[in-house]
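The sequence and structure are shown first.

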Amino acid sequence: MADFSLDTLLGGITPERFLAEYWQKKPLLVRQALPGFGGWLGREGLSELACRDDAESRLVRTRRGQWLLDHGPFEREELDALPKKGWSLLVSGVNHLLPQGDRLLHSFDFIPQARLDDLMVSFAPDGGGVGPHFDSYDVFLIQGLGRRRWEISGQDDLQVVDGAPLRILQRFRVDQHWELESGDMLYLPPRFAHNGVAIGECMTWSVGFRAPKAQEIVTQFLTYLQDTLNLDGMYADPDLARPVHSGEIPADLVDWSRRQIDGLRWKRDHVVDFLGRYLSEPKAHVFFDPPRRPLALAAFSAGARRRGLRLDARSQLLFRGRQFFMNGETLEVSPALAGKLRRLADTRELPGDLLDESLLDLCHAWYLAGYLAVG
Ligand code: SIN
Ligand code: CO
């Protein structure tokens, strides 16, 4: 599925070596990681995406030394009327809106898809950028159109400017800097300070990652438990003695409640079930487009056998063992089906000759939901 060769993408080092030496550890600059890459969008195309309500877009501006941030969707006139300098337009989730973007994001699947977040694209006129900052997640910054000067710093001082709408570093001490040309790429681990300044009109394509926070994973798991638990039993007090204070909560009721809560047990399978649903759940602004004139099973099957199937760019298909998670829904399948679905999850497509009746039945339901398409 990857359109880009892994050899150039990581500058000649293997994914194994990249993971061992750089991933989450130190920056890596790769010249011509994507030879010939100019991006599939220019300012026009990005502005168009920034006006869509199914895109997450931001406009960062500087005015008299102050940083300003606005969220989209924007009006086209507003974007076309921006001044010559002092701004940057950023659109997240471009992998959902552009098939090539989906392929670019998945060129990085030497890292588990459960850790992949999205592809963000930015445009800035000469001198533009979002200021010196750090991100909480790993990022690959790929130069599309034009050039950008990247300054980075391994500083521990990550104090940000109070009250600014963006996390701008109070102090930024440049350790290293490079000028990136189209096709060059800079990998940065989480919390590594950086500043990108456009040299002429500039577009950056950022492949971003996600990592759940402990607070988030546990609170979400508690919500999952709430939805899946079905406990029997009810408090009873046939030996109730008359209380001294009728307003006081009875000690027996406290002890009984504690026994119920202490008795909660979950297995690894429950955690897998929760995690798969949670990680494959579409983001709030993502909606699928079911086919307008859907094919019946027979016509769908004939087409799929001829032309194969591919996941919609918005779909997230994950698995663990024989349990599969498609856009927040789960199912467990037979060993025979599991092998083929793993291939669909890994490569996001399935050739027609692998499709048998049971798989076509399942995929037809996903097709009707807009999760995948023929071809
Ligand atoms: C940008 O594309 O301007 C910002 C990317 C980043 O610094 O993470
Ligand atoms: Co950044």
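## Helix packing and backbone features

In this predicted model, helix α10 (residues 297-307) packs with helix α12 (residues 357-368) at an angle of about 110 degrees, and their axes are 10 Å apart. Angles of 65 to 115 degrees count as roughly perpendicular, so α10 is roughly perpendicular to α12. On the α10 side, the contact is made by L297, F300, S301, A304 and R305. The α12 side contributes E357, L360, D361, C363, H364 and Y367. Sorted by class, the contact of α10 with α12 has six nonpolar, two polar and three charged residues.

Turning to the backbone, G72 and P73 are joined by a cis peptide bond, with omega about 0 degrees. P73 is in the loop between β3 (66-71) and α4 (76-80).

| Residue | Phi | Loop | Relative accessible area |
|---|---|---|---|
| R64 | about 50 degrees | between β2 (56-63) and β3 | 78% |
| N327 | about 50 degrees | between β14 (323-326) and β15 (329-332) | 5% |

R64 is not a glycine, yet its phi is positive. N327 is not a glycine either, and its phi is also positive. Are these residues buried or exposed? Exposed means over 50% relative accessible area, so R64, at 78%, is exposed. Buried means under 20%, so N327, at 5%, is buried.

Methods: Residues numbered from 1 in each chain as written. Chains lettered and ligands numbered in written order. Predicted model: local features only at pLDDT ≥ 70, side-chain atom pairs only at ≥ 80, totals over all residues. Heavy atoms only, no water. Axes fitted to C-alpha atoms, helices over the stretch in contact; angles between N-to-C directions. Helix = DSSP H or I, 4+ residues; strand = E, 2+ residues; numbered from the N terminus. Parallel < 35°, antiparallel > 145°, perpendicular 65-115°, else oblique. Contact = heavy atoms within 4.5 Å. Nonpolar A, V, L, I, M, F, W, Y, C, P; charged D, E, K, R; others polar. Buried < 20%, exposed > 50% of the residue type's maximum accessible area, 1.4 Å probe, protein only.
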